[in-house]
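Subject: Handing over a structure

Hello,

Here is the structure I promised to pass on to you. Please open it alongside this email, and my notes follow below.

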Amino acid sequence: SGAAEGVAGYDHSGSPTLSADGRYVAFVSRATNLGIGQDGTPRIWRKDLSTGALTPVSAPEAGAAADPAITADGRVVAFAAGGQVHLRDLGTGALRTIAPGASPRLSANGDTIVFVAENAVIAVRGTNRDIVGAGDQPSVSDEGRFVAWRTPEGQIQVGDILRGVSA
């Protein structure tokens with residue numbers, strides 16, 4: 001990672017996630033030279049690899065941030081901070097807190113977000129919020145219909161959230 005001017009970050013960065021066309025990368029960084037007010041607390045950033053523009057995603061007041069996920073077009077980034085799952089629309093600048101949880105994953109267009117809360121995988125699609133199943137390590141299909149996760153027994157489960165059916 002590096003500042004918009006191309007200078008390397010002064011501290012660790014990680015958890016990169018790319019938009020579908022590879023133009024944007026969202027990542028976590030502790031580097032203090034990436035933006036104003038950066039104090040070494042892990043924050044989420046999005047870098048435009050075409051222009052070099054670096055945009056802060058997480059708000060400092062949310063606390064240490066982790067687990068970035070990005071939509072196919074790079075406009076929306078989900079992340080966990082302060083025990084909550086957040087969603088930032090970088091087109092409008094709007095920041096929304098979704099619910100308590102961690103490990104968010106987004107469908108390609110951002111209409112579906114899945115995450116872990118209290119050892120359960122939760123799916124939010126529009127105004128619907130469903131417990132998909134017990135477990136962690138969620139993944140969601142590009143269209144947001146199918147969710148996969150690891151069960152407490154260490155098995156992989158797949159579900160169709162529109163039908164509420166597990167395979």
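To start us off: is Asp 136 buried, partly exposed or exposed? Asp 136 is partly exposed, with a relative accessible area of 24%; buried means under 20% relative accessible area, exposed over 50%, and partly exposed in between, using a 1.4 Å probe and protein chains only.

Some background before the rest. This is a predicted model, in which local features need pLDDT of at least 70 and side-chain atom pairs count only at pLDDT 80 or more, while totals for chains, interfaces and linings use all residues. Residues are numbered from 1 along each chain as its sequence is written, and side-chain values use heavy atoms, leaving out hydrogens and water.

Salt bridges

The structure holds four salt bridges, each being a side-chain nitrogen of Lys or Arg within 4 Å of a carboxyl oxygen of Asp or Glu. Asp 136 is in one of them, paired with Arg 150, and the closest N and O atoms are 2.7 Å apart. This pair links distant parts of the chain: Arg 150 is in strand β14 (residues 146–150) and Asp 136 in strand β13 (residues 136–140), 14 residues apart. Strands (E, at least two residues) are DSSP runs, numbered from the N terminus. Arg 150 is partly exposed, at 31%.

Another salt bridge joins the side chains of Asp 160 and Arg 145 (2.7 Å, N to O). Asp 160 is in strand β15 and Arg 145 in the loop between β13 and β14, 15 residues apart. Asp 160 is buried at 9% relative accessibility, whereas Arg 145 is partly exposed at 25%.

Asp 48 also forms a salt bridge, with Arg 23, and here the closest N and O atoms are 2.7 Å apart. Asp 48 lies in strand β3 (residues 43–48) and Arg 23 in the loop between β1 (13–18) and β2 (24–29), so the pair ties together parts that are 25 residues apart in sequence. Asp 48 is buried, at 6%, and Arg 23 is partly exposed, at 32%.

Nonpolar cores

A nonpolar core is a set of buried Ala, Val, Leu, Ile, Met, Phe, Trp, Tyr and Cys residues joined through side-chain atoms within 4.5 Å. The largest one has 14 residues, of which Leu 87, Ile 98, Leu 106, Ile 113 and Phe 115 touch the most other members. Elements giving two or more residues to this core are β6 (76–81), β7 (84–89), β8 (95–100), β10 (112–117) and β11 (120–125). A second, separate core of ten residues includes Tyr 24, Val 28, Ile 70 and Val 77.

A histidine to look at

His 86 sits in strand β7 and is buried, with a relative accessible area of 7%. The side chain of His 86 reaches the backbone oxygen of Ala 81 at 3.1 Å.

Two backbone angles

Most residues other than glycine have a negative phi. Asp 67, in strand β5 (residues 65–70), has a positive phi near 55°. Ser 103, in strand β9 (residues 102–106), also has a positive phi, of about 55°.

Best wishes

Conventions: Helices (H or I, at least four residues) and strands (E, at least two) are DSSP runs, numbered from the N terminus. A polar contact is a pair of N or O atoms within 3.5 Å; within protein, one must be able to donate a hydrogen and the other to accept it, and residues adjacent in sequence count only if both atoms are side-chain atoms.
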